[in-house]
Amino acid sequence: MSMLVQKLKSIAESADPAMGFRTASAATRTRRPLLVARLAHPDAMAAKAAADAGADVILASTADAKTVASIVEAVGSVPCGVILDKDEGIDLGALKEAGCDFVVISPCAAPAAWLRQEGLSKVARVIP
């Protein structure tokens, strides 16, 4: 399971209701939004700054596996993904080996081979 999916599941889970008697001021668990930092000009320094500022997920606008590897190394345990607009000979296997956790794809433009790639979570990009 990808780190992105794990973060989404942990945010979606709510605390089970307490059984028995309890005080009226019992604290309830509040959900917080997942903060995604999209890097238009991705590099390791920008990704590290975003992660240090509190980003839960890093989304890079690149398909270069070397750039993705440097971003993944810079941010540590923060899930990193890429946004892909069209098939330009992109090797998803190389992105996966670089540490990419997920890809954001447009369902209308994505080749079927991208959907069959195992080990990467896929997020559908919907443009209104």
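**Start at the sheet's edge**

Select Arg 38: Leu 59 in strand S2 stands opposite Arg 38. Before moving on, know that this is a predicted model, where local features need pLDDT of at least 70, side-chain atom pairs count only at pLDDT 80 or more, and totals for chains, interfaces and linings use all residues. Residues are numbered from 1 along each chain as its sequence is written, and side-chain values use heavy atoms, with hydrogens and water left out.

Helices (H or I, at least four residues) and strands (E, at least two) are DSSP runs, numbered from the N terminus. Now colour residues 36–39 and 57–60: these are S1 and S2, which run parallel and are joined by four bridges. Two strands pair if DSSP finds at least two bridges between them.

Next, follow the chain out of S1. The path goes through helix H2 (residues 44–52) to S2, a right-handed β-α-β crossover: with the strands pointing away from you, the path from the first strand over the helix to the second runs clockwise.

**Widen the view**

Select S3 (residues 80–84) too; S3 pairs with S2 in the parallel sense over three bridges. Click Ala 60, and look for its bridge partner Val 82 in S3. Zoom out to see five strands in an open, parallel sheet, ordered S1-S2-S3-S4-S5. S1 and S5 (121–124) stand at the edges with a single partner strand each, so one side of each has no neighbour in the sheet.
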